[in-house]
Amino acid sequence: MKPIEPINPNIMPINLSWKSEPTSNFKDALMDFLGNVNSSLKEGDRAAEQLAAGQIDLPTALIKQEDAVLSMQLLMSVRSELIGAYQDLSRIIT
């Protein structure tokens, strides 16, 4: 059986390593996640610069930008959930 050929060989798979690597505690998992979001944002910025310089094509830059946006949206969702959990615990304790 012939494997599926990629449409654009310049497009790299999304890095989901933070999901596959087990961490010992919540703090380590959160720090790994923040590091991955930061890397994604930097890669999105670098893609925009490379696009402006003509070094990469538009679809590759858009995919990297979208990856950065989705990472940031996920971070904001996690932040909101953590704040909600903190507020719930504060109400229970007081």
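Reader: Why is Thr60 called buried?
Author: Its relative accessible area is 5%. Buried means under 20%, exposed over 50%, and partly exposed in between (1.4 Å probe, protein chains only). Thr60 is therefore buried, because 5% is under 20%. This is a predicted model: local features need pLDDT of at least 70, side-chain atom pairs count only at pLDDT 80 or more, and totals for chains, interfaces and linings use all residues. Residues are numbered from 1 along each chain as its sequence is written, and side-chain values use heavy atoms, without hydrogens and water.

Reader: What makes the pairing of Thr60 with Asp57 a polar contact?
Author: Their side chains come to 2.5 Å. A polar contact is a pair of N or O atoms within 3.5 Å; within protein, one must be able to donate a hydrogen and the other to accept it, and residues adjacent in sequence count only if both atoms are side-chain atoms. Thr60 itself lies in helix α3, residues 58–93.

Reader: How do you know that α2 has close to its expected span?
Author: Helix α2 (residues 26–52) has 27 residues and reaches 39 Å from first C-alpha to last. The expected span is 1.5 Å times one less than the number of residues. Helices are DSSP runs of H or I, at least four residues; strands are runs of E, at least two; both are numbered from the N terminus. The protein chain has three helices and zero strands.

Reader: Which residues of α2 are buried?
Author: Phe33, Val37, Ser40, Gly44 and Ala47. Across the 94 residues of the protein chain, 13% count as buried.

Reader: Why is the Glu43 and Lys64 pair called a salt bridge?
Author: Their side chains meet at 4.0 Å, N to O. A salt bridge needs a side-chain nitrogen of Lys or Arg within 4 Å of a carboxyl oxygen of Asp or Glu. The pair therefore qualifies. It links distant parts of the chain: Glu43 in α2 and Lys64 in α3, 21 residues apart. Glu43 is partly exposed at 33% relative accessibility, and Lys64 is partly exposed at 23%.

Reader: What makes Asp88 and Arg91 a salt bridge?
Author: The N to O distance is 3.1 Å. The two are about one helical turn apart, because they sit three residues apart in α3.

Reader: Is Arg91 buried or exposed?
Author: Exposed, because its relative accessible area is 56%. Asp88, at 38%, counts as partly exposed.
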